[in-house]
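Subject: Structure handover and notes

Hello,

Please find below the structure that I promised to hand over to you. Could you keep it open beside this email while you read?

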Amino acid sequence: MTQTASSKLRPNSTPAAAAEELVAENQALRARMTYLLEQAERNHSIMTRHQAFDLEIVGAANFPELIGIIFRVLPVISELDSVTLTLLDEDADIREVMLKLDVVFEDFPGLIFVEEVEAMGLELAPRNAQAAAPRPQLGMYDARRHATAFPHPPAGLQSVALVPLLRNKRIIGSLNLGSCDPTRFTPSLGTDFIEHMASIIAICLENVISNEMLKYIGLTDSLTGVYNRRYIDRRLLEEIARARRQQYPISFMYIDIDHFKRVNDTVGHGGGDDVLREVSRRIKNELRSSDALARFGGEEFVVLLIDADLDSAAFVAERIRASVAGSMIVLSQELQLSVTVSIGVACLAPGEAEGDPAVVARTWVAQADARLYVAKENGRNRVISRDADSAAELRNVG
Ligand SMILES: Nc1nc2c(ncn2[C@@H]2O[C@H](COP(=O)(O)OP(=O)(O)OP(=O)(O)O)[C@@H](O)[C@H]2O)c(=O)[nH]1
């Protein structure tokens with residue numbers, strides 16, 4: 001029960017002493033009240049900042065945006081010295097898809113991928129135990145135990161909280177909070193608040209990751225794993241606009257496997273699929289990471305080369321032609337075959353990208369297609385990069 005001020009007065013005190021005691025007690029109460037008000041205001045301000053944070057992460061449009069908000073905003077609003085995020089990526093699918101979608105992982109040094117739950121540094125119940133979902137683990141920082149969660153710990157890191165990110169009781173990762181204040185994360189601290197925050201982060205992560213996966217599936221060719229036509233159609237317009245702004249040349253290639261019908265007839269449709277995969281792999285090996293390779297359907301591939309004039313694009317095309325023709329494609333020990341490709345190349349030089357990008361794209365792509373047709377007409381297994389000019393043929397093994 002709370003004692004009232006008067007009940008604590010000494011029974012034999014003089015009226016003056018009693019008054020003094022009352023004044024002192026009153027002052028103490030006021031100070032306590034001021035402190036509590038300040039605490040309430042601080043808590044209110046933290047709550048408001050966290051509500052704004054929740055709104056921001058819920059509104060994140062994609063994976064890099066969400067991760068960026070977590071790393072940028074959370075340390076500030078929660079007054080933390082380190083925030084990292086471990087994601088469980090058992091088959092490296094998340095990394096592969098994000099790379100395909102041009103996520104630059106170097107921008108997020110606090111993002112850690114592990115391939116098994118055990119590598120997260122969380123203390124877990126034995127695998128088969130019917131344990132409840134793991135709870136946040138708070139305590140003193142231990143460089144060895146927390147090496148995965150804090151690969152680049154700030155100087156003076158003292159206490160940490162490893163907060164499991166759960167979806168349907170399954171661990172998808174862990175949010176790792178670090179402070180240079182040793183009393184910030186102690187095992188006795190209540191964890192409702194950080195668990196609530198982690199559950200919102202987990203939902204947002206799951207959402208953006210599955211959205212990115214869908215985006216990836218919608219933009220890639222399931223047989224070869226390279227981009228599909230939809231992706232290139234969109235990218236062409238973006239790149240035409242960028243090339244116009246930055247005044248650099250871009251080039252486009254049409255690559256068609258020669259006599260592919262015969263390949264299918266010889267090795268069957270399944271063998272034909274393997275050939276498509278191998279050809280796409282050989283094309284890819286000759287490209288820079290800024291170039292985009294897509295399968296346009298059937299046995300036809302296209303490549304978009306950024307900052308490449310006609311001569312460099314024709315040079316790359318010739319390397320591709322030589323790489324495909326250079327060695328047999330091995331389907332099995334008994335089954336190997338020789339495959340060739342014909343390639344049409346067209347460049348969009350600075351100054352040619354003016355006008356409606358859709359019209360520019362159509363004309364430009366049609367030019368590469370027409371040159372591919374010439375390559376086929378002239379005997380296949382060749383690169384054509386100029387019109388009606390046999391000197392532009394880099395190779396003719398007809
Ligand atoms: N295995 C496999 N074959 C495909 C696929 N898509 C299209 N094809 C086959 O690709 C062949 C394309 O044949 P054509 O367009 O006649 O051309 P081609 O035989 O390559 O002859 P040229 O292009 O003139 O050198 C057809 O037999 C299609 O069935 C696919 O996804 N897998």
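What follows is a description of the sheet, some single residues and the surroundings of the ligand.

This is a predicted model, in which local features need pLDDT of at least 70 and side-chain atom pairs count only at pLDDT 80 or more, while totals for chains, interfaces and linings use all residues. Residues are numbered from 1 along each chain as its sequence is written.

I begin with the sheet. Helices (H or I, at least four residues) and strands (E, at least two) are DSSP runs, numbered from the N terminus, and two strands pair if DSSP finds at least two bridges between them. Five strands form an open sheet with mixed pairing, in the order S2-S1-S5-S4-S3. Its edge strands, which pair on one side only, are S2 and strand S3 (137-140). On average, and with direction ignored, neighbouring strands of this sheet are turned by 20 degrees against each other; here axes are lines fitted to C-alpha atoms, for helices over the stretch in contact, and angles run from 0 to 180 degrees between N-to-C directions.

Strand S1 (residues 82-88) and strand S2 (residues 111-114) run parallel and are joined by four bridges. From S1 the chain passes through helix H3 (residues 93-100) to S2, in a β-α-β crossover that is right-handed, a word used when, with the strands pointing away from the viewer, the path from the first strand over the helix to the second runs clockwise.

Helix H2 (residues 63-77) lies across S1 and S2 and runs at about 150 degrees to S1, whereas helix H4 (residues 192-219) lies across strand S4 (159-167) and strand S5 (170-179), at about 50 degrees to S4.

Gly173 is a residue of strand S5, and it counts as buried because it has 27 C-beta neighbours inside 10 Å; the cut-offs are 20 or more other C-beta atoms within 10 Å for buried, 12 or fewer for exposed, and partly exposed in between, with C-beta atoms placed from the backbone. Leaving aside residues up to four places away in sequence, Gly173 touches Leu85, Thr86, Leu87, Leu88, Leu165 and Leu205, where contact requires C-beta atoms, placed from the backbone, within 7 Å.

Next comes a point about backbone angles. Most residues other than glycine have a negative phi. Asp102, however, has a positive phi of about 65 degrees; it lies in the loop between H3 and S2 and is exposed, because it has 9 C-beta neighbours inside 10 Å. Gln247, in the loop between helix H5 (229-246) and S6, also has a positive phi, near 55 degrees.

Finally, which residues are closest to the ligand? They are Asp258, Phe260, Lys261, Gly272 and Gly298, from a shell of 16 residues, a residue being near if its C-beta atom, placed from the backbone, lies within 6 Å. Helix H6 (260-285) and strand S6 (250-257) each supply at least two residues of this shell, and H6 gives the most, with seven.

Best wishes

Definitions and conventions: Contact = placed C-beta atoms within 7 Å.
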